[in-house]
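Hi everyone, thanks for coming.

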Amino acid sequence: MRIVFAGTPEPALPSLRRLIESPRHDVVAVLTRPDAAAGRRAKPAPSPAARLALEHDIPLLRPARPNAEEFIAELTELAPDCCAVVAYGALLSERLLAVPRHGWVNLHFSLLPAWRGAAPVQAAIAAGDTVTGATTFQIEPALDAGPVYGVVTETIRPTDTAGDLLARLSVSGAELLETTLDGIADGSLRPVPQPSDGVTVAPKITVEQARVRWDLPAHAVERRIRAVTPNPGAWTMIGDLRLKLGPVTVDHTADTLPPGVIRTDRDGVRIGTSSQPVRLGVIQPPGKKPMNAADWARGARLDDSARAE
């Protein structure tokens, strides 16, 4: 089939590579978000999907307004049989969805109807789920509610960050997406409506929402930090310093501490929660590289009044 691939960040790349290499499909263009500021100098840079397309001399589509009439006309001119979507990052109008004869097929990183929305991997980790997966489905106007073509499952490991889990799902999901498009092409695959029960929603996580809440139980603190690692990144305030935090471990052997109270010892740094304290792993002070929490604490010379907020 003639495929227009729509995707933007790193997790889209395994799927795009797989479709480029597929003998059964022809990627005629890549639709991605416009160049965005990146790096310390904030210079506009192409998305990861755009860079991969350029490496393979595949035409790029980077509309600022994908639902505008001019882009609908441009896509119609390309005459794709199907549009494959992996984390493109924009909502699509009904007129745009109607352009390809087989519609738009999305690879979503959850077991739909669980965790519809922009942050399914983060939501699954924060909720303490033990199993998640990826789903291919036909895009409809309602958010992630279209009929399902196929699923793969993935165990969530006790130490998984969102980055770890998404990396695995992007690979297994790429195989699922190719298999789905193969089935659509030969007519052997038909989508099945999602069940009406079991719907949960996973909206995008803001930087403010990634601030650690020390008043939660330790297991919730630990999960929520893994859920926002590496993006947008967990953080807390200690005095007037805003510190980014890596994953923590629950300390079941230490005495309890009031939420936010900090204690240091030769083994590192503990912070109180509403249950057991947690031990910090990596800390990144403002303008510095990430470092071991114990090394940071020695230089910071914290006293007993220090608190994380």
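Let's start with R279, which counts as buried because its relative accessibility is 18%. Buried means under 20% relative accessible area, exposed means over 50%, and partly exposed is in between, with a 1.4 Å probe and protein chains only. Before we go on, please keep in mind that this is a predicted model, where local features need pLDDT of at least 70, side-chain atom pairs count only at pLDDT 80 or more, and totals for chains, interfaces and linings use all residues. Residues are numbered from 1 along each chain as its sequence is written, and side-chain values use heavy atoms, with hydrogens and water left out.

So which residue forms a salt bridge with R279? That is D265, with the closest N and O atoms 3.1 Å apart. By salt bridge I mean a side-chain nitrogen of Lys or Arg within 4 Å of a carboxyl oxygen of Asp or Glu. This pair links distant parts of the chain, since D265 sits in strand 13 (residues 262–265) and R279 in strand 15 (residues 278–279), 14 residues apart. D265 is partly exposed because its relative accessible area is 31%. Through shared partners, salt bridges join D251, D265, R270 and R279 into one network.

How many salt bridges are there by this rule? The count is 14. Among them is R168 with D160, at 2.7 Å from N to O, and both R168 and D160 are buried. Another one of them is R213 with D215, at 3.1 Å from N to O. Here R213 is partly exposed because its relative accessibility is 41%, and D215 is partly exposed because its value is 44%.

Now for the sheet. Strands are DSSP runs of E, at least two residues long, numbered from the N terminus, and two strands pair if DSSP finds at least two bridges between them. Seven strands make an open sheet in the order 5-2-1-6-7-8-9, with mixed pairing. At its edges are strand 5 (60–61) and strand 9 (148–155), each pairing on one side only. Strand 1 (residues 2–7) and strand 6 (residues 82–86) run parallel, joined by five bridges. In strand 6, V85 is the bridge partner of A6.

Finally, the rings. A charge sits over a ring if NZ of Lys or CZ of Arg is within 6 Å of the ring centre and within 35 degrees of the ring normal. The charged end of R242 sits over the ring of W235, 3.9 Å from its centre. Likewise, R33 has its charged end over the ring of Y88, 5.8 Å from the centre.

Definitions and conventions. Helices (H or I, at least four residues) and strands (E, at least two) are DSSP runs, numbered from the N terminus.
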